[in-house]
Amino acid sequence: MSWKAITLGTVLVIAVAWNTAVYFADRQLETKQYDGVYDSCHKVWSSRGLYDTKEERNSLTAFRRAFDAGAHGVEVDFSYDTATDRFIIGHGHPRKGPDGKPIYTEKEGGLFTLELLFRELGEGHAFWLDYKNLDHLSVEETQKAIRRLETIAVNGSVHDRLYIEGSNPLRLSLYTDAGFKTLLGTFPLPDSNPFASIVVSAYKLLFASFNITGIAMNYGSVDKPIYGENTQKQLGNLPVFVFHIPDDPSLLQQLVHNSHVRVMLVGRDISIDRFAVTACGRN
């Protein structure tokens, strides 16, 4: 048998196996129920709060401003510190000090933790928790973090209003198993890319294989969307949390009325009144 025949046969076997896996994943996901994921007309949430400076991002002041402006939920960047058993809020990974211990960026004069956030602003509000170091934690460290989150989630009774985002489906599913809502962080190609459907199918296979609540993805730009028409069709009825929404009123209205889009994460460039008005499609 020639190498060409072997190569062709291998490609055909891979193609058949791939399409079979995608077919069964689609069948499984079509029958899955997503009641209770997030079914509110208040879809517009704030990314890192409303801030005037870069330093104010992910601060108590920025989150309070967002809630005062009408946002029902906010996105919070954080890392779990294994040594101190705390969830420390901040976008970037901590730098290491001379002793090898992590040094976190302080907010408003001190370290800002999820415990403090929930205690101060948890009542009645929702939180999209962007887990920056989930991929770097062991199973044992993840279980320890889950126990800690269960303890502090009593502040403001926020347990059922937390959405934990991460890109490691194995670690993320441990949070779902513990009763938290979870979001698989995905990074598909632009909708117009000829390989976009393959990448989306791969994420669907991951989603179908693990116990995860929903999917999170970047919208892209108005001219070059990632969460475009083809991707929307391919994802079917999967609950999607979309971030980096462009400041385009017609696009916001379109996504508000898309039943599969559960949350739209916007930056500070979006008009403040969109939190209260556009979120429920009243303009």
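The largest cavity in this predicted model is lined by R86, F87, T113, L114, E115, R148 and I152. Its volume comes to about 30 Å³, and the count stands at one cavity of 30 Å³ or more.

- Strand 3 (86-89), helix 3 (114-121) and helix 4 (139-152) each put at least two residues into the lining of the largest cavity.
- By class, that lining splits into three nonpolar, one polar and three charged residues.

**Helix 3 and its partner**
- Helix 3 also packs against helix 2 (residues 60-68), at an angle of about 35° and with the axes 11 Å apart.
- The crossing of helix 2 with helix 3 is right-handed.
- On the helix 2 side, L60, F63, R64 and F67 make the contact, meeting L117, E120 and L121 of helix 3.
- That contact has five nonpolar, no polar and two charged residues.

**Largest pocket**
- The largest pocket holds about 340 Å³ of space.
- Its lining runs to 20 residues, with D130, K132, E165, F187 and F243 nearest the centre.
- Strand 2 (73-81), strand 6 (126-131) and strand 7 (162-166) are the elements giving two or more residues to this lining, and strand 6 gives the most, with three.
- Sorted by class, the lining of the largest pocket has six nonpolar, seven polar and seven charged residues.

**Second largest pocket**
- About 270 Å³ of space sits in the second largest pocket.
- Here 17 residues form the lining, and G90, H91, G92, T105 and K107 are the closest to the centre.
- The lining of the second largest pocket has five nonpolar, seven polar and five charged residues.

Conventions:
Residues numbered from 1 in each chain as written. Predicted model: local features only at pLDDT ≥ 70, side-chain atom pairs only at ≥ 80, totals over all residues. Heavy atoms only, no water. 1 Å grid on protein atoms, 1.4 Å probe; cavity = no way out; pocket = protein on both sides within 12 Å on 5 of 7 lines; lining within 4 Å. Points joined across faces, edges and corners; volume = space filled by probe spheres on them. Helix = DSSP H or I, 4+ residues; strand = E, 2+ residues; numbered from the N terminus. Nonpolar A, V, L, I, M, F, W, Y, C, P; charged D, E, K, R; others polar. Axes fitted to C-alpha atoms, helices over the stretch in contact; angles between N-to-C directions. Left-handed = near helix turned anticlockwise from the far one by under 90°. Contact = heavy atoms within 4.5 Å.
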